[in-house]
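Student: I would like a close look at a single part of this model, with its surroundings put in after that. Please keep it plain.

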There are 4 protein chains.
Amino acid sequence: MTSAAPVPVRKASRDVRRQQLIDSTIRVLGQKGYAALTIADVARAAGLSVGIIIFHFESKDRLLAAVLQFLAEEYRQHWQAAMAAAGPGAPERLSALLRADFDPAVFTAEKLGAWIAFWGETQGRPTYDQICAGPDAERQQATLKLCEALIAEGGYVITPILAMRTLESLCDGLWLGVAADGAGHPGRVTAAEANTIVKTALAALFPKHYPARQV
Amino acid sequence: MTSAAPVPVRKASRDVRRQQLIDSTIRVLGQKGYAALTIADVARAAGLSVGIIIFHFESKDRLLAAVLQFLAEEYRQHWQAAMAAAGPGAPERLSALLRADFDPAVFTAEKLGAWIAFWGETQGRPTYDQICAGPDAERQQATLKLCEALIAEGGYVITPILAMRTLESLCDGLWLGVAADGAGHPGRVTAAEANTIVKTALAALFPKHYPARQV
Amino acid sequence: MTSAAPVPVRKASRDVRRQQLIDSTIRVLGQKGYAALTIADVARAAGLSVGIIIFHFESKDRLLAAVLQFLAEEYRQHWQAAMAAAGPGAPERLSALLRADFDPAVFTAEKLGAWIAFWGETQGRPTYDQICAGPDAERQQATLKLCEALIAEGGYVITPILAMRTLESLCDGLWLGVAADGAGHPGRVTAAEANTIVKTALAALFPKHYPARQV
Amino acid sequence: MTSAAPVPVRKASRDVRRQQLIDSTIRVLGQKGYAALTIADVARAAGLSVGIIIFHFESKDRLLAAVLQFLAEEYRQHWQAAMAAAGPGAPERLSALLRADFDPAVFTAEKLGAWIAFWGETQGRPTYDQICAGPDAERQQATLKLCEALIAEGGYVITPILAMRTLESLCDGLWLGVAADGAGHPGRVTAAEANTIVKTALAALFPKHYPARQV
DNA sequence: GATGAATGAGCCTTCATTCAT
DNA sequence: GATGAATGAAGGCTCATTCAT
């Protein structure tokens, strides 16, 4: 607070505008889906002109790639932060990692909608795969490591890889359900239910670490 | 001019052609995704002309609705048949119901791709929701009933609705993984792994009914 | 006139439509020039829709390439026909070849305008160069051969290549002048003057073959 | 803060900048042609910003008009200087006037390219015609006067106007060839050949004034 | 003077739909 | 039934021009 900011105003403004457009795109994506999204929609949602989107992102395709990159990066930072905040114990870390997926503070209905929209479009879009491949692998690796630790400690018979795939698949499916619940499918799965289900699953897989509770 | 066929030729030909076009649409959907699909693509894949698609389905939207309807109906019949073939016992019926999702005889890579494509587009498309709502509810109901039976018999503490949601979400997530594995993401989840995971999950939820096995 | 045309109607119609669009493009090119031409202009001039241009030519660029190709081919056939009609003698053939450039029956103001428009755009447009290279070389070769024949017969001191370049450059320059005269520059050069000048030039270069006349 | 410059800095800077932008435009025109030229290209070539072009020229159209005006004026001064330097005799003056067109010191490949680009765009651009009309007429008049003088002296039968048009058209055509040769069409006409051809043409038209030489 | 972000009109192109054959 | 030429609305992108800094 004591000196002139070293960051040039121009540069800051540039990034601010880019983020503003990314946010608007997420909003539109959540509302209209991938196929129906037009850059005019995004411009309207941002209160800006069509031209400025191309000016900042070069093309609609690159805008969407930037949006996915942002979502993937935000997601990565979110589960990593949640895991770090959980302390050193493997059980707490795994639980935190998985339950971060359903943190209502971060995963709004719009962002979930945007994720689903991309999910459907991943087919034959190598670009999108490339963006997600790294973060996806990182997360699987983190889950796998924690499962290994628990299995080593608890002497469970399940293999680490199978436990990891079970938990990750369960989270993916719950996510889909939560997204659907948020977007006009009341009665699918709420975030609270998802949390309970994850806890139950952990208790079933690793009973010595996660004491069963009445549900 | 006399026709001995019990089914009118016109009608038969009509349905054959419609199915031919639905199949081609599924193929294109699996390859190019929802957003990039054009009527010309479908016509080319079917070896027919653009006009004939409109002639049979009136519009692109209705063609896609018909495709989703077909997929949903085929899916429904598939799990119902699997369940029926499993015999009268609830444990066998539940296992058969869930594992039908990963029957390679029915769920080809292309069909999985088509399903994912629709999934992403469900946002803001009430038509698609309407098509899936009935079959979805029917399946949830079936799963729920079987969970209730097992819980009643085994005296498990989990609630039927939570068990149902766990299993359904797990299947959804595994499906996504299998689809990704089929479409250029080797190393996600194979159909065989999915089956093992489902068995393990059943054993974890209902240990008295599904004896644990070394995995 | 006595039998059903063996040419399929479809094919004929296709080519007829293409030529119709090429003609309209030449018209617009002559009126508005290259830079200002839009495919909407061409569609309007042809009384057709924008879509059909893309349908038949795939893109504006390819339409223009097709137009240049047509002009180049038409031009080639024109001077070749004129040369052939002139008989076997080299002097007559050379005269006919050169004067064919100013035949008002073929080189309308619009076509001249279209040629000039392309000429200016040839810079950095390899495609256009490629289209013209063959016909250009063919014509230079024809002129060169005739110059060689005359020089051999008449014992002139000029080299064939220099004679050819003189005559070809003179024709190019006259063309430019005739085109300018047609398009709002009255007082440049008329086709009749161009013919006289060519004759005078031939008489000056090859006096034994072309008797000088009072001009 | 004290300025010793006799010319105001503002004014000087203004003209310097204008000329800098005109030069850059010529460069781009020679490389990309008229239709593909954008203000951003010119700005990039000049190492300046888009805004400054509009600031100095008000619009793209006026920039291009200024460029053409500059080229026309430079050209005029060039042939007038060459003619003046040739001395008082009509034959020397005519020869100098015509051969100034191919002076490599002035007519670089880029400038030739720029000229051709404008030439093609003259259709339906009254502004461009207006700019060139005066200088064009002036030059034709100069050539005509010299032809008249030679014809009067030498008693040639050709009319002055025809001689003028022959020589001017020949120069135009040679120019086109030289420009093409410079821009990726090797083997058209070099500046040296053009000079020889002009000399030969003068010898053919006015043999008493220009002694024939072995070529 | 100078910059470059921002605008918006206009262009090329795509593609669902129509319709004459 | 079937074809594919033709239409035209809509979308992405370009680029001359403006203007706050």
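In which crossing, left-handed or right-handed, does H8(B) pass H9(B)?

Tutor: H8(B) passes H9(B) in a right-handed crossing. Bear in mind throughout that this is a predicted model.

Two packed helices are described by the angle between their axes and the distance between the axes. For H8(B) and H9(B), the packing angle is about 165° and the axes are 10 Å apart. Angles over 145 degrees count as roughly antiparallel, and H8(B) and H9(B) are therefore roughly antiparallel to each other. On the H8(B) side, the contact is made by B:Ala163, B:Thr166, B:Leu167, B:Leu170, B:Leu174 and B:Val178. H9(B) brings B:Ala191, B:Ala194, B:Ile197, B:Ala201 and B:Leu205 to this contact. Sorted by class, the contact of H8(B) with H9(B) has 10 nonpolar residues, one polar residue and no charged residues.

Chain B puts 42 residues in contact with 43 residues of chain A. On the side of chain B that touches chain A, at least two residues come from each of helix H1 (9-32), helix H6 (109-121), helix H8 (160-182) and helix H9 (191-205) of chain B. H8(B) gives the most to that side, with 11 residues. The side of chain B that touches chain A divides into 19 nonpolar, 17 polar and six charged residues.

Chains D and C form a contact as well, with 42 residues from chain D and 43 residues from chain C. Here helix H1 (9-36), helix H6 (109-121), helix H8 (160-182) and helix H9 (191-205) of chain D each supply at least two residues of the side that touches chain C. H8(D) provides the largest share of that side, 11 residues. By class, the side of chain D that touches chain C has 19 nonpolar, 17 polar and six charged residues.

Other chain pairs do not touch. No contact joins chain A and chain C, and their closest C-alpha atoms lie 20 Å apart. Chain B and chain D are likewise without a contact, with their closest C-alpha atoms 31 Å apart.

Next, chain A by itself. Its secondary structure comes to nine helices and zero strands, and the pattern along the sequence reads α-α-α-α-α-α-α-α-α. The C-alpha trace of chain A spans about 60 × 50 × 30 Å along its principal axes. Chain A has 215 residues, of which 39% count as buried. Among contacts in chain A between residues at least 6 apart in sequence, 58% join residues at least 24 apart.

A residue from helix H8 of chain A shows the local detail. A:Val178 is found in that helix, residues 160-182. The cut-off for a buried residue is 20 or more other C-beta atoms within 10 Å; A:Val178 has 25 of them, so A:Val178 is buried. Leaving aside neighbours within four places in sequence, A:Val178 is in contact with A:Phe102, A:Leu112, A:Val189, A:Thr190, A:Ala191 and A:Ala194. A:Leu146, by contrast, is 32 residues from A:Val178 in sequence and 25 Å away in space, C-alpha to C-alpha.

For helix H9, take chain D, where D:Leu202 is found in that helix. D:Leu202 counts as buried because there are 21 C-beta neighbours inside 10 Å. Not counting residues up to four places away in sequence, D:Leu202 touches D:Ser95 and D:Tyr210. The C-alpha atoms of D:Leu202 and D:Ala163 are 9.5 Å apart in space, and the two residues are 39 apart in sequence.

DNA strand E is surrounded by 37 residues, and the closest are A:Ser49, A:Gly51, B:Ile39, B:Ser59 and D:Gly51. The surface near DNA strand E has 16 nonpolar, 11 polar and 10 charged residues. Around DNA strand F there are 37 residues, of which A:Thr38, B:Gly51, C:Ser49, C:Gly51 and D:Ile39 come nearest. The surface near DNA strand F divides into 16 nonpolar, 11 polar and 10 charged residues.

Conventions: Residues are numbered from 1 along each chain as its sequence is written. Chains are lettered from A and ligands numbered from 1 in the order in which they are written. This is a predicted model: local features need pLDDT of at least 70, side-chain atom pairs count only at pLDDT 80 or more; totals for chains, interfaces and linings use all residues. A residue is near a molecule or strand if its C-beta atom, placed from the backbone, lies within 6 Å of it. Ala, Val, Leu, Ile, Met, Phe, Trp, Tyr, Cys and Pro count as nonpolar, Asp, Glu, Lys and Arg as charged, and the others, Gly among them, as polar. Two residues are in contact if their C-beta atoms, placed from the backbone, lie within 7 Å. Helices (H or I, at least four residues) and strands (E, at least two) are DSSP runs, numbered from the N terminus. A residue is buried if 20 or more other C-beta atoms lie within 10 Å of its own, exposed if 12 or fewer, and partly exposed in between; C-beta atoms are placed from the backbone. Axes are lines fitted to C-alpha atoms, for helices over the stretch in contact, and angles run from 0 to 180 degrees between N-to-C directions. Angles under 35 degrees count as roughly parallel, over 145 as roughly antiparallel, 65 to 115 as roughly perpendicular and the rest as oblique. A crossing is left-handed if the near helix is turned anticlockwise from the far one by less than a right angle, and right-handed if clockwise.
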